Amino acid sequence: MYSKMFELINDELNTLNDNTLELKKIEIRGIKVKFVFLDKSNMKVKTILYEMDWFSEPKLKFRKVHVKPFNDKYFR
């Protein structure tokens with residue numbers, strides 16, 4: 001189960017490959033997955049939220065994107 005979850009996360013990160021975004025943090029809590037990126041071009045923090053869907057075919061469901069100004073508290 002965990003190997004499939006990490007494969008899905010890895011596949012999603014490969015599709016989100018952008019030169020201006022730097023991956024800073026991955027949080028996994030239950031079925032929720034959060035990616036935190038630092039956008040170097042305009043110094044903003046981009047948070048992308050997903051949920052794992054285990055009931056039909058295992059996949060990551062996109063939920064939200066948050067963009068906030070850079071603050072050091074995100075990377076402590």
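**Close-up views of a predicted protein chain**

View 1. Met-1 is found in the segment before α1. The model shown here is predicted. With a relative accessibility of 65%, Met-1 counts as exposed because the cut-off for that class is over 50%. Met-1 belongs to a nonpolar surface patch of about 620 Å², together with Tyr-2, Phe-6, Leu-23, Ile-26 and Ile-28. Two elements, α1 (2-15) and β1 (21-29), each supply at least two residues of this patch. The most comes from β1, which gives three residues.

**View 2. The whole chain, for orientation.** The protein chain has one helix and four strands, in the order α-β-β-β-β along the sequence. Its C-alpha trace spans about 40 × 25 × 20 Å along the principal axes. Of the 76 residues in the chain, 24% are buried. The accessible surface comes to about 5600 Å², and carbon and sulfur atoms account for 50% of that area. Among contacts between residues at least 6 apart in sequence, 26% join residues at least 24 apart.

View 3. The chain carries 16 positive and 11 negative side chains, and the centres of the two sets lie 8 Å apart. Side chains of opposite charge can pair when their charged atoms come close. The structure holds six salt bridges. One of them joins the side chains of Lys-40 and Glu-22, at 3.0 Å from N to O. Lys-40 lies in the loop between β2 (32-39) and β3 (44-53) and Glu-22 lies in strand β1, so the pair ties together parts that are 18 residues apart in sequence. Glu-22 is partly exposed, with a relative accessible area of 27%.

**View 4. The pair Arg-63 and Glu-51.** A salt bridge forms between Arg-63 and Glu-51, whose closest N and O atoms are 3.4 Å apart. This pair links distant parts of the chain, with Arg-63 in strand β4 (residues 59-69) and Glu-51 in strand β3, twelve residues apart. Both partners are partly exposed: the relative accessible area is 43% for Arg-63 and 23% for Glu-51.

View 5. Lys-25 counts as partly exposed, at 28% relative accessibility.

Definitions and conventions: Residues numbered from 1 in each chain as written. Predicted model: local features only at pLDDT ≥ 70, side-chain atom pairs only at ≥ 80, totals over all residues. Heavy atoms only, no water. Buried < 20%, exposed > 50% of the residue type's maximum accessible area, 1.4 Å probe, protein only. Contact = heavy atoms within 4.5 Å. Areas by Shrake-Rupley, 256 points an atom, 1.4 Å probe, with all protein chains shown as cover. Lys, Arg positive; Asp, Glu negative; His and termini not counted. Charge placed at Lys NZ, Arg CZ, Asp CG, Glu CD. Patch = residues over 30% accessible without salt bridge, like charges linked within 9 Å, V, L, I, M, F, W, Y side chains within 5 Å. Salt bridge = Lys/Arg side-chain N within 4 Å of Asp/Glu carboxyl O.
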